[in-house]
Amino acid sequence: MAPTAPAPAVEKDNKRITTGWTFYDWANSVYPLVITSSIFPIYWGSITKAINPTDEVDFLGFHVPGSSLLTYAISFAFLLIALVSPFLTSLADYSGRKKLFLQIFCYLGALSCAGLYFFTKDNLTLSTFIFIAATVGFSGSIVFYNSYLPEISSEEKFDSLSARGFSMGYIGSVLLLVICLGIIMGPHLAGGPEGVALFGMSTGQATRLSFLLTGVWWIAFAQIPFFTLPPDTGRAADAPVSEDGWLLNGFRELGKVWEQLKQQPNLKRFLLAYFTYNMGVQTVMYVATIFGDKVLHLDSTSLITTILLLQVVGILGAWLFAKISERIGNTRALSWAVFIWMLICIAGYYVQAGWSFYALAGVIGLTMGAVQSLSRSTYSKIIPENTPNAAAYFSFFDVVEKLGIVIGTLSFGLIGQITGSMRNSILSLIVFFIFGLGFLLTLRGKTLRDTPATNPATFPGPPAASSAASTPSTLK
């Protein structure tokens with residue numbers, strides 16, 4: 001069985017292609033900033049309080065706190081994408097239509113995000129499902145987007161290109177957030193009456209407009225990578241179609257990758273490291289706003305200022321650690337970043353409102369960008385070179401991240417509930433970083449890419465793939 005046609009060679013480090021690729025970071029990073037981290041959670045809280053001042057709301061016949069409902073929606077979305085993305089990415093590899101799947105998830109996420117414009121207290125249940133669809137679209141598209149990195153870039157430029165993508169994302173998302181805040185808060189900051197936004201809109205209308213702008217921004221700028229990334233290869237015209245069709249063949253392709261993982265101990269070690277340390281990183285990112293609100297009692301202006309600080313410093317962090325990795329290697333640079341996160345957990349236990357909080361936020365932003373960027377590029381260096389199953393490999397990477405978010409946020413909430421303090425939850429995250437650092441240390445000094453990297457009998461691909469893929473990575 002020959003699933004796909006031999007893929008035409010893609011020119012690596014082509015400036016037009018790599019620049020276009022980074023624009024998807026620019027396009028979709030507005031979602032985690034505007035929707036996940038800043039404006040949407042604040043609007044959600046105002047809606048649930050408008051429904052019931054005690055923050056207790058009805059959802060599908062259940063009475064739940066409004067803040068918990070938002071957390072459950074996020075967890076459900078991540079669980080859903082963790083379950084379906086391995087199948088979808090293996091199907092994308094088998095069918096040769098990776099870009100098509102990227103577009104499908106992009107449009108699902110962006111259109112759902114724009115649909116939140118209609119979110120009011122009268123349609124909480126429907127809006128919750130729209131929010132879930134937006135989160136699924138965002139998370140699903142990232143898998144296919146990341147899988148292009150080893151296809152379009154030479155290995156020695158993985159770190160710098162990954163960092164450039166994250167930097168583009170930080171810059172684009174901050175730009176749109178500033179525009180949205182100008183629409184919502186500009187007239188009031190200029191001395192106008194409270195509750196009145198630009199063009200005489202109410203604050204609620206202006207806030208919903210920011211959700212619409214986020215979806216439009218996402219779709220509009222996504223056209224750049226859609227136009228510049230290599231076209232889908234599709235199936236070979238003479239390739240036999242299995243009687244089982246695409247669905248079961250998608251599972252078979254995923255099974256091949258799973259069998260290949262068993263032969264790559266270094267890849268498994270890195271996935272274990274990523275699972276544990278990223279569990280702590282992602283948890284901090286998702287609970288930082290809640291911690292500032294509930295524990296430090298910061299107002300919305302201070303919280304948004306902090307979020308902007310995280311984004312701006314994240315640009316520096318992604319670039320700085322890319323340079324560090326060039327000098328000392330990926331795993332050493334990641335180890336230092338994870339060690340700094342351990343110190344962040346200790347500092348978070350003692351932090352108070354004021355300069356210490358902003359200083360801690362600056363360090364978080366610095367290492368947040370570093371860990372995200374370096375993790376993506378390091379994984380690209382470890383997986384088999386020139387494998388036609390890149391999307392399926394990155395689906396494992398994505399599942400590890402999503403399950404980590406679910407487990408990390410759940411443990412954070414349980415520890416806070418049991419001990420009565422979120423500070424204890426922050427301190428407890430140090431355990432994840434200790435395990436992550438331990439797994440990383442088992443990789444230091446090793447040639448990380450296991451050989452032979454691919455078996456052409458298992459993974460049909462370009463004729464040159466088997467020899468090129470057998471070259472071990474010099475990554476340390």
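Modeller: Let's start with a cut-off: a residue counts as exposed when its relative accessible area is over 50%, and as buried when that area is under 20%. This is a predicted model, by the way. With that in hand, leucine 60 reaches 55%, so it is exposed.

Biologist: Where is leucine 60 found?

Modeller: Leucine 60 belongs to the loop between β1 (56-59) and β2 (62-65). Its backbone deserves a look as well. Most residues other than glycine have a negative phi. Leucine 60, though not a glycine, has a positive phi of about 55°. Aspartate 13 does likewise, with a positive phi of about 65°. Aspartate 13 sits in the segment before α1 (15-28), and is partly exposed at 27% relative accessible area.

Biologist: OK, now the inside. Which residues touch the most other members of the largest nonpolar core?

Modeller: General idea first: in soluble globular proteins, nonpolar side chains tend to be buried together. Here the largest core has 73 residues, and Ile35, Phe40 and Phe131 touch the most other members. Helix α4 (residues 66-95) gives the largest share of this core, eleven residues. Apart from that core lies another one of 57 residues, including Tyr277 and Ile344.

Biologist: What is isoleucine 35 in contact with, leaving aside neighbours within four places in sequence?

Modeller: The contacts of isoleucine 35 include Phe40, Phe131, Phe211 and Leu116. Three of those names come back when you look at rings: Phe40, Phe131 and Phe211 are linked by ring pairs into a cluster with Tyr43, Trp44 and Phe119.

Biologist: How many aromatic pairs does the structure hold?

Modeller: There are 30 aromatic pairs. Take tyrosine 107 and phenylalanine 226: their centres are 5.9 Å apart with 70° between the planes, an edge-to-face pair. Tyrosine 107 is in helix α5 (residues 98-115) and phenylalanine 226 in helix α9 (residues 203-228), so this pair ties together parts 119 residues apart in sequence. Phenylalanine 226 is buried, at 7% relative accessibility, whereas tyrosine 107 is partly exposed at 29%.

Biologist: And what about the rings of tyrosine 117 and phenylalanine 118?

Modeller: Their planes stand at 85° and their centres are 5.3 Å apart, so that pair is edge-to-face. Phenylalanine 118 is exposed at 57%, while tyrosine 117 is partly exposed at 29%.

Biologist: Which residue lies over the face of tyrosine 117?

Modeller: That's arginine 208, at 5.7 Å from the ring centre. You can find another charge over a ring at tyrosine 148, where the charged end of lysine 98 sits 4.4 Å from the centre.

Technical notes:
Residues are numbered from 1 along each chain as its sequence is written. This is a predicted model: local features need pLDDT of at least 70, side-chain atom pairs count only at pLDDT 80 or more; totals for chains, interfaces and linings use all residues. Side-chain values use heavy atoms; hydrogens and water are left out. A nonpolar core is a set of buried Ala, Val, Leu, Ile, Met, Phe, Trp, Tyr and Cys residues joined through side-chain atoms within 4.5 Å. Buried means under 20% relative accessible area, exposed over 50%, partly exposed in between (1.4 Å probe, protein chains only). Helices (H or I, at least four residues) and strands (E, at least two) are DSSP runs, numbered from the N terminus. Contact means heavy atoms within 4.5 Å. Rings of Phe, Tyr and Trp (its six-membered ring) pair if their centres lie within 6.5 Å; planes under 30 degrees apart count as stacked, over 60 as edge-to-face and the rest as tilted. A charge sits over a ring if NZ of Lys or CZ of Arg is within 6 Å of the ring centre and within 35 degrees of the ring normal.
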